[in-house]
Amino acid sequence: MRPSLDIDGLLRGKGLHGVGGRSVPWWRLAVILLLAGALYGAVMGSYGGLPAQSATSAAKVPLLVVIASLVCLPNFYVVNLVLGLGDDFRAAFRGILSAQATFAVCLASLSPITALCYATTSNYHMAKLANAAMFALALLGAQQTLTRHYRPLIASNPRHRIALLAWPTLYFFVAAQFAYVLRPYIGNPEFPAEFLRTHWWGNVYVDLWWSVRGAF
Amino acid sequence: MSQWFSNLDRLLRGEFTKKDELQGGRVEMPARKLILAAVVLGGVYGACMGLYSAMGGREHTGWAVAATAAKVPLLFLLTLLVTFPSLYVFAALANSRLGMKQMLRLLVAAIAVMLGVLASFGPITAFFTLSTDSHGFMVLLNVIFCGIAGMVGLAFLNRAINAVFPGGAAGAIDEHASADERRAAAEESGRARRIVRVWLLIFGAVGAQMAWILRPFIGNPQLPFALLRPRWSNFFEFILNSMGDHWR
């Protein structure tokens with residue numbers, strides 16, 4: 001797998017995926033993201049032992065990463081232009097793509113741990129908690145790649161620090177809602193396997209607000 | 001066989017994990033022989049551990065000893081299997097000098113160190129098995145021994161891994177580097193160490209959970225022999241519930 005996709009190079013920011021390289025390895029990044037995301041999705045959806053849920057989650061995890069990025073990119077492009085960083089956008093975009101692929105690889109590497117958690121608990125809340133922890137760890141990994149790509153950009157123009165902060169903030173805001181819309185991923189065994197919940201239209205932040213109000 | 005153990009002896013003396021070799025991204029050790037030695041050593045400790053179940057005059061005592069002898073090395077090797085992908089990915093993100101094969105060799109070495117230390121406790125475990133009938137005491141003793149072996153192995157791994165990151169403990173920052181480069185290298189090294197510490201916690205947690213799946217090891221004399229106990233709850237729920245019951 002190394003010579004074709006060069007996952008090791010992606011993680012180290014070297015080789016085909018080297019920081020500041022001239023050509024962007026588009027299809028390699030896309031294939032890594034799709035394969036690694038699908039692998040984690042398949043494991044994530046295996047909690048209830050329903051193959052259909054595994055299959056839908058395998059499709060949804062890469063979908064979540066890709067579509068949330070596409071939704072955020074126009075705004076991020078404008079932010080870069082407003083900050084006077086338009087000339088560096090190609091390098092910034094390369095960093096974002098690499099970070100998304102790294103996120104998927106980190107998730108895939110954590111999938112045996114998720115599988116172990118599923119194998120030893122029948123508590124659905126514990127399964128949700130385990131997945132939340134894996135996503136948090138994978139986000140840290142992705143941030144490492146993004147920071148690596150941004151280091152030379154910040155050295156050339158310190159305004160890139162704002163862009164580096166803007167992307168994760170924007171992405172997290174959108175991805176949380178998108179993840180909410182695309183649920184279920186784990187598949188509560190008390191409900192049938194389905195691609196989307198029938199009452200899928202909703203807002204994660206409004207629900208969160210009502211949950212907090214309800215708790216007090 | 002003697003060659004396996006001479007390799008283990010060299011490993012424990014640190015001959016396979018010299019700083020200059022690790023800094024060069026090299027981990028030269030006979031990994032297959034070390035795995036075989038680790039399996040034998042784990043089996044020895046497992047047999048000493050399972051001896052307790054053979055003391056009560058129960059049925060299938062031979063199977064109980066054999067099962068524990070097989071389960072101890074299996075516990076460590078399965079934990080390695082589950083945690084290796086994430087360690088490799090996060091170490092590569094932190095710019096580790098080790099490739100996948102070298103990282104795997106290093107982990108095998110850490111497992112061999114753990115099982116070597118554990119096997120050295122084997123005679124003490126066997127002695128207490130023969131001289132006490134308290135199941136609770138034997139559980140506690142084995143938990144302490146496994147905890148010590150785990151910590152020694154993880155300390156070995158931590159020391160070795162520190163040497164393979166740029167600007168790690170061995171201070172591999174180029175002396176001609178500028179102040180900014182030194183600061184960047186120091187930041188990267190600090191981040192790498194934090195990653196390793198998080199991973200060590202994950203390794204410990206997965207190991208504890210794996211032990212929970214593979215239980216029983218010691219064998220409660222009140223219960224009949226079983227290769228594996230029914231799967232209910234998990235290690236952490238069990239600990240929390242036990243603490244809750246204790247303090248209620």
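**Close-up views of a two-chain predicted model**

**Figure 1. Overall make-up of chain B.** Chain B contains 9 helices and 0 strands (helices, H or I, of at least four residues and strands, E, of at least two are DSSP runs, numbered from the N terminus). The model is predicted: local features need pLDDT of at least 70 and side-chain atom pairs count only at pLDDT 80 or more, whereas totals for chains, interfaces and linings use all residues. Residues are numbered from 1 along each chain as its sequence is written, and chains are lettered from A and ligands numbered from 1 in the order in which they are written. Of the 248 residues of chain B, 42% count as buried; a residue is buried if 20 or more other C-beta atoms lie within 10 Å of its own, exposed if 12 or fewer, and partly exposed in between, with C-beta atoms placed from the backbone. Among contacts in chain B between residues at least 6 apart in sequence, 73% join residues at least 24 apart (two residues are in contact if their C-beta atoms, placed from the backbone, lie within 7 Å).

**Figure 2. The contact between chains A and B.** Chain A supplies 17 residues to the contact and chain B supplies 16 residues. On the side of chain A that touches chain B, the elements giving two or more residues are α2 (7-12), α5 (89-119) and α6 (124-156) of chain A. The largest share of that side, 9 residues, comes from α5(A). The residues of this side of chain A comprise 8 nonpolar, 7 polar and 2 charged; Ala, Val, Leu, Ile, Met, Phe, Trp, Tyr, Cys and Pro count as nonpolar, Asp, Glu, Lys and Arg as charged, and the others, Gly among them, as polar.

**Figure 3. Helix α5(A) against helix α4(B).** The axes of α5(A) and α4 (residues 61-93) of chain B come within 7 Å and cross at roughly 155 degrees. Axes are lines fitted to C-alpha atoms, for helices over the stretch in contact, and angles run from 0 to 180 degrees between N-to-C directions. The two helices α5(A) and α4(B) are therefore roughly antiparallel to each other (angles over 145 degrees count as such). Residues of α5(A), including Val105(A), Ser109(A) and Ile113(A), meet Val82(B), Pro85(B), Ser86(B), Val89(B) and Leu93(B) in α4(B). This contact of α5(A) with α4(B) divides into 10 nonpolar, 3 polar and no charged residues.

**Figure 4. Helix α4(B) against helix α5(B).** Within chain B, the axes of α4(B) and α5 (residues 100-120) come within 10 Å and cross at roughly 145 degrees. Among the residues that meet here are Phe76(B), Leu80(B) and Phe84(B) in α4(B), and Met103(B), Leu107(B) and Ile111(B) in α5(B). The contact of α4(B) with α5(B) has 14 nonpolar residues, no polar and no charged.

**Figure 5. The largest nonpolar core.** This core has 120 residues, and those with the most contacts inside it are Val105(A) and Ala112(B). A nonpolar core is a set of buried Ala, Val, Leu, Ile, Met, Phe, Trp, Tyr and Cys residues joined through C-beta atoms within 7 Å. Its largest share, 17 residues, comes from α5(A). Not counting residues up to four places away in sequence, Val105(A) touches Ile7(A), Leu10(A), Leu11(A), Ile32(A), Ala36(A) and Val89(B).

**Figure 6. Backbone details in the loops.** A cis peptide bond joins Arg183(A) and Pro184(A), with omega about 10 degrees; Pro184(A) lies in the loop between α7 (160-182) and α8 (204-215) of chain A. Asp6(A), although not a glycine, has a positive phi of about 55 degrees. With 19 C-beta neighbours inside 10 Å, Asp6(A) counts as partly exposed.

Notes: Parallel < 35°, antiparallel > 145°, perpendicular 65-115°, else oblique.
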